[in-house]
Amino acid sequence: MKFFLLLSALGLCWAQYSPNTQQGRTSMVHLFEWRWVDIAQECERYLAPNGFGGVQISPPNENIVVNNPSRPWWERYQPISYKICTRSGNENEFRDMVTRCNNVGVRIYVDAVINHMCGEGGGAGTSSTCGSYFNAGNREFPAVPYSGWDFNDGKCKTSSGGIDSYNDAYQVRDCRLVGFLDLALEKDYVRTQIANYMNNLIDIGVAGFRLDASKHMWPGDIKAVLDKLHNLNTKWFPGGSRPFIFQEVIDLGGEAITSSEYFGNGRVTEFKYGAKLGTVIRRWNGEKMAYLKNWGEGWGFMPSDRALVFVDNHDNQRGHGAGGSSILTFWDARLYKMAVGFMLAHPYGFTRVMSSYRWPRYFVNGQDVNDWIGPPNNNGVIKEVTNY
């Protein structure tokens, strides 16, 4: 009996590293800022017939509305509540997407923003995608509900309340990331609210989660949330299946926090992958494709069974996040295709392809000042994806 319990525990431990894809499907695609109705069609029309295993979607929960003509993409990373209601669609459209994608064997992975709520300067009122009231200054989010008791304002030790040094792990995890109101994940109440949100999505049929800003949460707090999660919906997954977890941790070396601290919770984003591959494909610093013969752990990357890999992501294709100028994006069409082709052919890690949108770049002192621009839209409403 003890041996059986040990095997069961080991099975649960390993489960969060599996993407829950169908046999032979080894990659996902990030459909950044797509509408739910378009993702459902893409699963049926293209992704399933071409062997893709899953889709990473933009955060589906209610967020702040930043009133300008384009509505910046980053408003999706400033939660107001855990209602399923965004410019990608409502809850009914979300449920239909999950059902239709699962029915053709394409899994849905939710980008879960659980480290924080909106920015401290977010104001007050109902300027949110579902119209829920909030008051950022007073830490009031009644649609969850959260209050001032549920944030790390008293725990952060910097005078600014924000992260002043990435060489201090306590600042990185207890203080505000670029002004976002930092949730107190050490509190069981906060953990339960987050788990309730994620469990709702699991029960609908999602297969896993990208945990945004995991570097800014203590690994033990993440584990406490994950321990509260349901098994996956047995309509599409075997009994006892656990949600796939991959955590956003930017670790290029030289900081207080390392990726390996998060291995116990699930896979981790390997940001060195895109940075190094871009250098090789560009033939910078004397690099050659022949040097890729020991690609993966031989290049100092994390173990393959812990890695989520990608050429670029929604942050660094805009020139920030991690990786610098070596990162290849759709702006470098020929080289980008080479890099993505290599990634999909190579067995290291679980691979993610990026599907973004074009925006009018405008550089000032080497920085694209248009990197904030949201998806193609009509007065803030995302346009229908065109099929070619």
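Q: If buried means under 20% relative accessible area, exposed over 50% and partly exposed in between (1.4 Å probe, protein chains only), why is His-30 called buried?

A: His-30 has a relative accessible area of 1%, which is under the 20% limit, so the residue counts as buried. This is a predicted model, in which local features need pLDDT of at least 70 and side-chain atom pairs count only at pLDDT 80 or more, while totals for chains, interfaces and linings use all residues. Residues are numbered from 1 along each chain as its sequence is written, and side-chain values use heavy atoms, with hydrogens and water left out.

Q: Which residues does His-30 touch, not counting residues up to four places away in sequence?

A: With contact meaning heavy atoms within 4.5 Å, His-30 touches Gln-56, His-314, Arg-352, Val-353, Met-354 and Ser-355. His-30 itself is found in strand β1, where strands (E, at least two residues) and helices (H or I, at least four) are DSSP runs, numbered from the N terminus.

Q: What makes β1 and β14 a pair?

A: Two strands pair if DSSP finds at least two bridges between them; β1 (residues 27-31) and β14 (residues 350-355) have 5 bridges in the parallel sense, so they qualify. The bridge partner of His-30 in β14 is Met-354.

Q: In what order do the 8 strands close into a barrel?

A: The order is β1-β2-β5-β10-β11-β12-β13-β14, with parallel pairing. Neighbouring strands of this sheet are turned by 25° against each other on average, direction ignored. Helix α5 packs on the sheet, touching β5 (107-112) and β10, and its direction makes about 145° with that of β10; the axes behind such angles are lines fitted to C-alpha atoms, for helices over the stretch in contact, and angles run from 0 to 180 degrees between N-to-C directions.

Q: What makes helix α6 mostly covered?

A: In α6 (residues 219-226), 6 of the 8 residues are buried, namely Pro-219, Asp-221, Ile-222, Ala-224, Val-225 and Leu-226. What covers these buried residues includes α4 (169-174), α5 (188-204), β10 (208-211) and β11 (244-247).

Q: How do you know that Cys-43 and Cys-101 form a disulfide?

A: A disulfide is a pair of cysteine sulfur atoms within 2.5 Å, and the sulfur atoms of Cys-43 and Cys-101 are 2.1 Å apart, so the pair meets the rule. The link is right-handed, with 90° about the S-S bond. Because Cys-43 lies in helix α2 (residues 36-47) and Cys-101 in helix α3 (residues 91-103), the pair ties together parts that are 58 residues apart in sequence. Cys-43 counts as buried at 0% relative accessibility, and Cys-101 counts as buried at 0% too.

Q: Which other cysteines does a disulfide join?

A: A disulfide joins Cys-85 to Cys-130, with an S to S distance of 2.4 Å; Cys-85 is in the loop between β4 (79-84) and α3, and Cys-130 is in the loop between β7 (124-125) and β8 (134-135), 45 residues apart. Cys-130 has a relative accessible area of 28%, so it is called partly exposed. Another disulfide joins Cys-156 to Cys-175, at 2.0 Å, and both of these cysteines are buried. The count by this rule comes to 3 disulfides.
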